[in-house]
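Subject: Structure handover

Hello,

Here is the structure I promised to pass on. Please open it first, then read my notes below.

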There are 2 protein chains.
Amino acid sequence: MSRHKYTVGVDFGTESGRAVLVEVGSGKEIADSVYVYRNGVIDEALPVPGKPVRLEPDWALQDPEDYIRTFQRTVPALLRQTGVDPENVIGVGIDFTACTMLPTQGDGTPLCALPEFRRNPHAWVKLWKHHAAQPEADKINATARALSEPWLSRYGGKISSEWFFAKTLQILEEAPEIYSAADRLIEAADWVVWQLCGVETRNSCTAGYKAMWSKRDGFPADAFFAALDPRFEHVVDEEMSRRIVPIGSRAGGLSERAAAWTGLLPGTAVAVANVDAHVSVPAATVIEPGTMVIIMGTSNCHILLGDREETVEGMCGVVEDGVVPGLFGFEAGQSAVGDIFGWFAETSVPPELHERARKLGTSVHQVLEEEAAQLRPGESGLLALDWWNGNRSVLVDADLRGLLVGMTLATTAPEIYRALIEATAFGTRVIIDAFEHAGVPVERIVACGGLPDRNQLLMQIYADVTGREFAVAASSQTPALGSAMFGAVAAGAARGGHDSIVDASKRMAHLRPETYRPVAAHRAVYDRLYPEYVRLHDLFGRGSDNVMRTLKRIQREA
Amino acid sequence: MSRHKYTVGVDFGTESGRAVLVEVGSGKEIADSVYVYRNGVIDEALPVPGKPVRLEPDWALQDPEDYIRTFQRTVPALLRQTGVDPENVIGVGIDFTACTMLPTQGDGTPLCALPEFRRNPHAWVKLWKHHAAQPEADKINATARALSEPWLSRYGGKISSEWFFAKTLQILEEAPEIYSAADRLIEAADWVVWQLCGVETRNSCTAGYKAMWSKRDGFPADAFFAALDPRFEHVVDEEMSRRIVPIGSRAGGLSERAAAWTGLLPGTAVAVANVDAHVSVPAATVIEPGTMVIIMGTSNCHILLGDREETVEGMCGVVEDGVVPGLFGFEAGQSAVGDIFGWFAETSVPPELHERARKLGTSVHQVLEEEAAQLRPGESGLLALDWWNGNRSVLVDADLRGLLVGMTLATTAPEIYRALIEATAFGTRVIIDAFEHAGVPVERIVACGGLPDRNQLLMQIYADVTGREFAVAASSQTPALGSAMFGAVAAGAARGGHDSIVDASKRMAHLRPETYRPVAAHRAVYDRLYPEYVRLHDLFGRGSDNVMRTLKRIQREA
C-alpha cells in the first residue's frame, strides 16, 4: 500500500461536472476529468420523445441522470489515467451549483424518471438559473416584510427567485400534482450525496444560504409557510428535514451501486455536500475571519468569515457553519462580471480586433486586455455601472440595468472594455465598504475562479481600485479541490485524511507566490473616480432616479 | 440660343467640392461633378517640402488652392458632360463650411501662398472644425459676460471656438507676425467669391452667424475687442469690413481669370457667398416662417425663419437676412448625429453583422437599420444621451459626453443603434420645444442632407418622437442646388434668372411626394420615454450632476 492517500472531489457546474483526484498530504491535483452533461441546460424543450414539451422563458432545468453519468464517466477515468489503487482513495466530496433542486420519491427516485411525470417540466431539476419563480419570490418577500420575519435581515432584506422556497412554491402553485407526488424536495447537491451513500442528508450550507435556515432558529415558522399558501404550511416536515448536517461531516460510506459507478471501494467516506463558491474558501487557504475570498467568474461571489452575526447591507446571506464549521460565513455577490466582458466581446467588438486575435492565435479578450492595459486610469473618460444583470450586493435589485457614460467620437472598444472591468472593481469596493461599515473587517483578499487565472489586468485594476493586495489561490479549480478536501475530512486523520477542514486547508490549499499590489498613482486616480461611481450608484440604484425601472416597465409593455 | 438657362452651384465641403449645373426654370439638376481636395483636411502636418511642420491636436487647416482647383476641375466637366453652351449659363453661386477663414494680402493672396509664411500654420485656412481656439473662445465668452455684451443672447449665451473672432484672436495671440502681415481676415466663402469676380464682399450669413454681426447693431464695439487685447481693438476696420452684403445679392461678374478656370463667360453673374446649411433652406422649398428645415448629416442643423428676433435657449444664432432676405433666420444644432452612427458602426459592431453586410453587398448601417426596424419603440429598454461630441443646442456645452443606460446581457448591437437614433431624435425634440417655448412656432418640418436620403427608419423615428410630419427635400444635394438658385437670383429675371430667392425657391425647389407621419402607437411610447430623456438631459446637462465634466477633468490630467 502506497504512502500516499487520495480523495476525489467532484464539482457539478452548469454545463458539466469536473472530478479531480487529489493527494491528501500535499493537495496536489493528480488528474482531472470533465463530463459535459448530455442534456446540458434544458431551457427550450424537455429531452423527451414524442410531441415537444416546450418551456416558458426564464425556465432552466437539468436532467439528474447527467449527475450520475458524471460519476460514471469521470471517476473511472481518474483511476485509469493515474493508476492509483482505489484502496488509496479514502474519500469523496462534492459541490454543486445552488439552489438547484428536484422533487423525488421517498427512495430518492426523481419524479422526472417516472413515466407518468416525465413530460411535466416541474418534475425535473430546477437549475440555479431557473428564474421563472419570480412571482413566488415576490410573494415570499412581501409576506416576510408584512410579518416582520426576523430571518429577512440575514439575506440583505430580500430573497431571490433562485432560492429553494421560491422554486418549491412555484411547483405547488403551478403543478400541485407534482408537489403532492413528491415525498422529498431536495437540493441536487444533497440528492447526489444520497445517491452515493444511500443516506439522505441536508447540508448546512445550502440550507442556510438558500432555504432560510439558521443553526439557532431553524427554518421559518410553519405559520409563515401557511401565510404563503395553506398547502405549504408543513413543507419542511412533510417534504424536507429539520436535521441539518454541518458541512465537514461524513454523510456515509459509498454504496455498492455507487462503487460500481466509480470504481472506488464500497464504504469509501462520502462528505456532506457543499456549494461551489463556499467550498472554494478553504481551498483558497482561508479558514479564519478577516480575509475575503472572491470567486471571480461569470459573476463574483464574495465570502468572508466572521465570529459573530452582523447585518451587512445587501449581503446574500450569513450562515453559521455555512463555510467553515464554528464560524459565520457572510456571502455577497455581483450578478454579472465575466458575463459582462463576454457580452461585450461577443456583441460590441469590431472585426479588426477579432481578426487580430485570430492572427495571433489568441482570444479577443486577450487582444482587448492588451490594448486596455496600455491605458492609464482615467484616460478614457468613461465610467460604467456594472448592472447588466441587475445588482445583488448591496442594492438587491434585479431590475437595475447597465450604464455607460463619457463616450466621445474617439472612444474605442478597449477603452470601454477597461471601463467595464473598472466598474466591476468599483462594485466590489462598494461591497467591501459595506462589510467594513457593518463592523466586519476585511483585512486581506484572496481571489480564485476563472478570471484571476487569465486576466492580469483585471487583477491589477481590482487591487488599484480597492487599494488592497490581492492574493490568488494556486488551484484553478478550487471548487473541486475544496470538495476533495472535504472528502479528506470525511475520511478523517485516522484513515489518512484530516480531522477538520482547517487542517485540510493548511495542508492541501496553497496560494500563488505572486500577488497584485495597488500602484499608488493608479489608486490616486481611482480614489477620485470612485466617488463618481458611488454617486451614480446611489442616484440610479437607491431610487433618486428611477430611469432603469421605468425603462424596464416600458420594455415589458412594448 | 436655347430656351433653357442654367446656373452653377458649388458646394465647398470638408473633404471635397461639388458643382452642379441646374436648369433655372425647373430646378432640374442636369449634371454634377466632385473634386476631392488634394490636401484634404490638414490636421497632422503642413503639405510643405522639407522638415515636417507638425500641427498640435485640435488643429484643422485647408489649402486655399484646393478651392481654386475645385473650380478648375468641376465646372469644365459639367459643360463637357452636358454640352451646355456657356452662353446659357447665367450665374454662379457658392456655399461653404463656416466659419472657415484665412488671412490674405490686400489683393486676396493668401498668406500661406507666400514663401515667407508657407511654413507657418497660422497662415493657412482654418477649417470650421479647427478647435484649437478654445482658450480664445473662453476669453471672448468671459469678457462678453463681464461687459454684459448685448449680442451674447443672440448666440444662446455662448460663442464657439469654431467662430471667426476666436480663430482670429488665436492668430493674434499665437502668431502676431501673421496678424500684422494680414491685410484682410476673411471667410473662405467670401474669399472664393472674391477670386471669382475680383470684388471683395462680406456676406450677411457668415457675418451674422459666425462673426457676431447684426443688421441693426453691426459688429461688437471696438471697446469690446480692445478688452480682449489692445491690439485687437480695430480688427474690424483694419482687417475686415463693415459693409455686409445681404445674401441674394450679386457680388459681381466673373473675371477673365475665373472665366478661364471654369470655361464660363466673363461677366457671368456671381452671387454673394452663403453657408452650406443656410443655403439649403430655400432649396428645401422653405421661404416663410413656421417651417423648420433640419439639415441631417454628420451633425444636425435646425433652421427656422421668423418675422422678429426672439431669444431661444441654446440657439447658435439669430440673424436678420441670414437665410432669406427680410426674415430672421434662427439656427440651432446637434453637434453629432450621423457621426455617432458612424462611430458605432466602426467601433461597436461585431463581425457577423459586417459579414452579413458583405454578403448582401450592402453597408453595415443598412444591416443595423434592418434589424433595428424590427424592434418596437421601448422594446430594447435602452435610452441614450446623444452627446458624443458635446451638446450645442440647447445646453451649449462642449464638455458633455455620451451616455447609454439600460444594457442587459441580452442587449444587441441593433438595439443600441436604434437607441442612438432615438437619442438624436429626442435631442431634436428638445430643440423644437425650446423654439416653441420662446414663441417661435414650428408648424412643419422639412428634412434634407445625407441622412434622410438613406435612412427611412431614422426618418420614421424622428416623426414618431417629435409627433410631427417630416417632409423631405427632393434634392439630395440641397447646398449645391441652393447655391445655383442664388446664382439665378444674382443673374436676375431680366437675364433669364429670378428676381428673388423666394421666386427661385418656388420654381427650382421641390419636395419628395412621400412624407413620414407619426404612428400613434409609437408616439405614445416615445411620449413616455421623452420625459426620461429630458430628466437625464437636465440631470447631466444642467449641472445637477457633474459626472461628465469630472470625468473630462480627470481624463485631461491622466
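**Salt bridges and the chain contact**

Over all chains, the count comes to 58 salt bridges, a salt bridge being a side-chain nitrogen of Lys or Arg within 4 Å of a carboxyl oxygen of Asp or Glu. This is a predicted model: local features need pLDDT of at least 70, side-chain atom pairs count only at pLDDT 80 or more, and totals for chains, interfaces and linings use all residues. Residues are numbered from 1 along each chain as its sequence is written, chains are lettered from A and ligands numbered from 1 in the order in which they are written, and side-chain values use heavy atoms, with hydrogens and water left out.

Start with the interface. Chain A puts 53 residues into the contact and chain B puts in 54 residues; contact means heavy atoms within 4.5 Å. Together the two chains bury about 4300 Å², with 63% of it on carbon and sulfur atoms. Buried area is the accessible area (1.4 Å probe) that two parts lose on being put together, summed over both. On the chain A side, A:M407, A:L409 and A:L551 lose the most area to chain B, together 15% of what that side buries.

Two salt bridges cross the interface of chain A and chain B. One pair is B:R528 and A:E557, with the closest N and O atoms 2.8 Å apart.

Which element gives the most to the side of chain A that touches chain B? That is α19(A), with eight residues. Helices (H or I, at least four residues) and strands (E, at least two) are DSSP runs, numbered from the N terminus.

Strands meet here too. β17(A) and β17 (residues 402-407) of chain B pair in the antiparallel sense over five bridges; two strands pair if DSSP finds at least two bridges between them. A:L403 stands opposite B:V405 in β17(B).

**Salt bridges within the chains**

A:D229 and A:R231 join in a salt bridge, 2.9 Å from N to O. A:D229 counts as buried at 10% relative accessibility, while A:R231 is partly exposed at 43%. Buried means under 20% relative accessible area, exposed over 50%, partly exposed in between (1.4 Å probe, protein chains only).

In chain B, B:E532 bridges to B:R535, with the closest N and O atoms 2.5 Å apart. Both lie in helix α19 (residues 520-541) of chain B, three residues apart, about one turn of the helix. B:E532 is buried at 10%, and B:R535 is partly exposed at 33%.

A salt-bridge network links A:K215, A:R216, A:E320 and A:D321.

**Backbone points to check**

A cis peptide bond joins A:S393 and A:V394, with omega about 5°. A:V394 sits in the loop between β16 (383-385) and β17 of chain A. Another cis peptide bond joins B:A98 and B:C99, with omega about -15°.

B:V396 is not a glycine, yet has a positive phi of about 50°. B:V396 lies in the loop between β16 (383-385) and β17 of chain B and is buried, at 8% relative accessible area.

Best wishes
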